[in-house]
Amino acid sequence: MNIRLNTRIWASILSLLLWGIFGITAFIGFAPTALALEYNKEILIEADFSGRDLTDSSFTKANLRQSNFSHANLSGISFFAANLESANLEGADLRNATLDSARLIRANLTNALLEGAFAANAKFDGAIIDGADFTDVLLRQDEQNKLCKVAKGTNPTTGRDTRDTLFCP
């Protein structure tokens, strides 16, 4: 009788342990691919974020001069009033990003995907936009005119012509 009770106790403990391991494994397996990060007002000059998934992260008012965001997933990100002067955003996914009041002066936006981004009051002086996709991007008219003067190429992801996405004449 005593042996049977000990066996049941050990079987119950083992069962609980296995269910616990299974539960933890299942929880980790369903964890989100990226957690939104906050870098608001940070000084991140020459930081390397290349190839990272920064979906929905916030870099509001951050100094990101000469930082590398090439081929990063930046969809839904906030670069509100951020300094992205001479930043590398080549091939970056900036869909639905907030670029309002951002400084993208001399930034490399080659083949970047900016579809649906909000870029009112953003400055793009000297930016490289070869192959960038500006579909449904909200821009000031004077910035749009500046971009049309240098716009060329086709975005390799969407197949859209940069000039067409900017409604250049």
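Visitor: Which residues do ring pairs link into a cluster here?
Guide: Tyr 39, Phe 49, Phe 59, Phe 69 and Phe 79 are linked into a cluster by ring pairs, where two rings of Phe, Tyr or Trp (its six-membered ring) pair if their centres lie within 6.5 Å, and planes under 30 degrees apart count as stacked, over 60 as edge-to-face and the rest as tilted. This is a predicted model, in which local features need pLDDT of at least 70 and side-chain atom pairs count only at pLDDT 80 or more, while totals for chains, interfaces and linings use all residues. Residues are numbered from 1 along each chain as its sequence is written, and side-chain values use heavy atoms, with hydrogens and water left out.

Visitor: How many aromatic pairs does the structure hold?
Guide: There are eight aromatic pairs in the structure. One of them joins Tyr 39 and Phe 59, whose ring centres are 4.7 Å apart and whose planes are at 15 degrees, so this pair is stacked. The pair links distant parts of the chain, with Tyr 39 and Phe 59 each in the loop between α1 and α2 and 20 residues apart.

Visitor: Are those two buried or exposed?
Guide: Tyr 39 and Phe 59 are both buried, a word that stands for under 20% relative accessible area, with exposed for over 50% and partly exposed in between (1.4 Å probe, protein chains only).

Visitor: And what about Phe 124 and Phe 134?
Guide: Phe 124 and Phe 134 form an edge-to-face aromatic pair, at 6.2 Å centre to centre and with 75 degrees between the planes. Each of the two lies in the loop between α1 and α2, so the pair ties together parts that are 10 residues apart in sequence. Phe 124 is buried, with a relative accessible area of 4%, and Phe 134 is buried too, with 1%.

Visitor: Changing topic, what does the secondary structure come to?
Guide: The chain has three helices and zero strands, and along the sequence it follows the pattern α-α-α; helices (H or I, at least four residues) and strands (E, at least two) are DSSP runs, numbered from the N terminus.

Visitor: Where is confidence lowest, and where highest?
Guide: Confidence is lowest in α1, at a mean of 66, and highest in helix α3 (residues 162–165), at 98. The chain as a whole averages a pLDDT of 89, and 86% of the residues score at least 70, on the predictor's scale of confidence in each residue from 0 to 100.

Visitor: Back to that loop, where is Ile 43 found?
Guide: Ile 43 is found in the loop between α1 (2–29) and α2 (141–150). Ile 43 counts as exposed because its relative accessible area is 65%. Ile 43 and Asn 83 are 40 residues apart in sequence and 9.6 Å apart in space, C-alpha to C-alpha.

Visitor: What about Ile 13?
Guide: Ile 13 has its place in helix α1 and, at 42% relative accessibility, counts as partly exposed.

Visitor: What is Gln 144 in contact with?
Guide: Gln 144, which is found in helix α2, is in contact with Leu 139, Leu 166 and Phe 167 when its neighbours within four places in sequence are left aside; contact means heavy atoms within 4.5 Å. Gln 144 counts as buried because its relative accessibility is 16%.

Visitor: And how much of the chain do buried residues make up?
Guide: Of the 169 residues in the chain, 40% are buried.
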